[in-house]
Amino acid sequence: MKEYKVESVFYLCEMKELSKEDRELIDAAKRATKGSYAPFSRFCVGAAVRLLDGTIVTGANQENAAYPSGLCAERTALFAAGAQYPKIPVVALAIAARKGRGFTKKPVPPCGACRQVISGTEDRHGRAIRILLFGSDGVIACNGIAPLLPLRFTEF
Ligand code: THU
């Protein structure tokens, strides 16, 4: 048998090392946490999606007493963008989270289901999505979902 190794490249950045567009998207994700409905986890997540024409669409996690019926911030934002601007490609996605007032020190990586939806959005538009995970100690930047979701499922 043949062994394969997967290499994931991502960048740990300070805010000042990022472009104006990246910083603007992160700020939108931070602001979006205000729309979180998280009475069960108290973990408020915000996501902001930038489209190719510069439009920013945001989302926040929405919980439900029947827990699995809730939805993560990333999917809320990506599905809203897909529904409102079906023809315009998504170029970047930023995520920020806070428990109480302060934002997390460490970046919060998207859950597996959200990674799959990011992957599907890349496939839909045929274009990689830049992913920015905000932490007050540093930001992780990743060019495309591939480093976060190796050997991913795509339509056959
Ligand atoms: N959550 C997100 O919004 N995004 C993620 O990538 C991980 C988790 C939400 C779901 C739930 O409302 C809360 O965070 C705690 O898991």
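Ligand and pocket

User: How far is an oxygen atom of the ligand from an N or O atom in the side chain of Asn61?
Analyst: That distance is 2.9 Å, a polar contact (a pair of N or O atoms within 3.5 Å). This is a predicted model, where local features need pLDDT of at least 70, side-chain atom pairs count only at pLDDT 80 or more, and totals for chains, interfaces and linings use all residues. Residues are numbered from 1 along each chain as its sequence is written, and side-chain values use heavy atoms, with hydrogens and water left out.

User: And what about Glu74?
Analyst: An N or O atom in the Glu74 side chain is 2.6 Å from a ligand oxygen atom. A polar backbone atom of Cys111 lies 3.1 Å from an oxygen atom of the ligand.

User: How much of the ligand does the protein bury?
Analyst: The protein buries 75% of the 370 Å² that the ligand exposes when taken alone (Shrake-Rupley method, 1.4 Å probe).

User: Which residues surround the ligand?
Analyst: Among them are Ser41, Phe43, Val45, Glu63 and Pro109, each with a heavy atom within 4 Å of the ligand. The shell divides into seven nonpolar, two polar and two charged residues.

User: New topic: which pocket holds the ligand?
Analyst: The ligand takes the space of the largest pocket. A pocket is an open set of points on a 1 Å grid over the protein atoms alone, where a 1.4 Å probe fits, with protein on both sides within 12 Å along at least five of seven lines; lining residues have an atom within 4 Å of a point. A molecule sits in a pocket if more than half of its atoms lie within 2 Å of its grid points.

User: How much space is in there?
Analyst: About 270 Å³.

User: What lines the largest pocket?
Analyst: The lining has 19 residues, with Leu71 and Cys72 among those nearest the centre.

Methods
A polar contact is a pair of N or O atoms within 3.5 Å; within protein, one must be able to donate a hydrogen and the other to accept it, and residues adjacent in sequence count only if both atoms are side-chain atoms. Ala, Val, Leu, Ile, Met, Phe, Trp, Tyr, Cys and Pro count as nonpolar, Asp, Glu, Lys and Arg as charged, and the others, Gly among them, as polar. Grid points are joined across faces, edges and corners, and a volume is the space filled by probe spheres set on the points.
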